Protein chains: 2
Amino acid sequence: MKNSQLYKGSLNTIIMKLLEEKGRMYGYEITQKVKEITLGELNITEGALYPALHKLEAEGLLDVEVEKVDNRMRKYYKLTEKGTTETVNRLAELEEFIKNMQNIVNPKLSY
Amino acid sequence: MKNSQLYKGSLNTIIMKLLEEKGRMYGYEITQKVKEITLGELNITEGALYPALHKLEAEGLLDVEVEKVDNRMRKYYKLTEKGTTETVNRLAELEEFIKNMQNIVNPKLSY
DNA sequence: TTGTTATGTATAAGAAACTTATGTATGTTT
DNA sequence: AAACATACATAAGTTTCTTATACATAACAA
């Protein structure tokens, strides 16, 4: 993860949301997808990504399938059942977080 | 700071934005204000808040004035000139961050 | 043909931001 | 008298990241 500190803590949610949408993805693919969506602003570093994927797997939220494509190894990740349930929760938290931050940046008159 | 990891990294921006708006605030006041704005969802812990304030002060972004009110000490913080400039940058980053996260949660058809 | 870039995964050392726990002190409410 | 609210502070530990390094294959450029 790079840039303005703000992204700290959001990596897991990003990974899980992308997997929910795409079905399955491999690590490098995730970094490229995020770069594309954020127009180059957010570059997930390998040092952040791979430990995060391993941890989510260890927690039983992701499953792995190893494949060889064009003579290169790929590890495809997908959400487990538990992971799918947890993703719903995390996305709800993310939406609340965004709302709260917007309320801080652009305060309502009632405060 | 408490809750869903997501708030990690946003504390400094929150502090600076509130100070920009209010002119000056003391630590405890900041925690109450944030609790109010987020409807109790975000509780900034003292262990996070006070070191953050001290660091922003050390970086020259905040100034302090100590006052005694009702026989209790208060340390009022306000933005320095440098802090005011920096706040503009951080708020721009925050808005970009929010946009990017929204694009991830609610993807555009073009992806 | 040699170096650079892209693809693909991995880990170790260190930094940064937090949580949790504790401490001090005063005022108010139960 | 005890609990809660106000008000500050710090130390120990955890989590999450950055930075650096490592290995391996393929494509492209000098």
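Student: In this predicted model, what order do the 3 strands of the open sheet of chain A take?

Tutor: The strands of this open sheet pair in the antiparallel sense. Strand S1 (25-26) and strand S2 (62-69) of chain A are the edge strands, each pairing on one side only. The order is therefore read, with pairing taken as at least two DSSP bridges between strands, as S1-S3-S2.

Student: Which residue is the bridge partner of Tyr26(A) in S3(A)?

Tutor: S1(A) pairs with strand S3 (residues 72-79) of chain A over 2 bridges, in the antiparallel sense. Within S3(A), the partner of Tyr26(A) is Tyr76(A).

Student: Which element gives the most residues to the surface near DNA strand C?

Tutor: DNA strand C is surrounded by 28 residues, the closest being Tyr26(A), Gly27(A), Tyr28(A), Gly47(B) and Asn71(B). Two or more residues come from each of helix H2 (27-37), helix H3 (46-58) and S3 of chain A, and from helix H3 (46-58) of chain B. By class, this surface has 10 nonpolar, 9 polar and 9 charged residues. The element that gives the most, with 5 residues, is H3(A).

Student: Where chain B touches chain A, which element of chain B gives the most residues?

Tutor: The contact draws 30 residues from chain B and 30 residues from chain A. On the side of chain B, at least two residues are supplied by each of helix H1 (11-22), helix H2 (27-37) and helix H4 (81-105). The element that gives the most to this side, with 13 residues, is H4(B).

Student: How many nonpolar residues does the side of chain B that touches chain A have?

Tutor: By class, this side has 8 polar and 8 charged residues. The nonpolar residues on the side of chain B that touches chain A number 14.

Definitions and conventions
Residues numbered from 1 in each chain as written. Chains lettered and ligands numbered in written order. Predicted model: local features only at pLDDT ≥ 70, side-chain atom pairs only at ≥ 80, totals over all residues. Contact = placed C-beta atoms within 7 Å. Helix = DSSP H or I, 4+ residues; strand = E, 2+ residues; numbered from the N terminus. Nonpolar A, V, L, I, M, F, W, Y, C, P; charged D, E, K, R; others polar. Near = placed C-beta within 6 Å.
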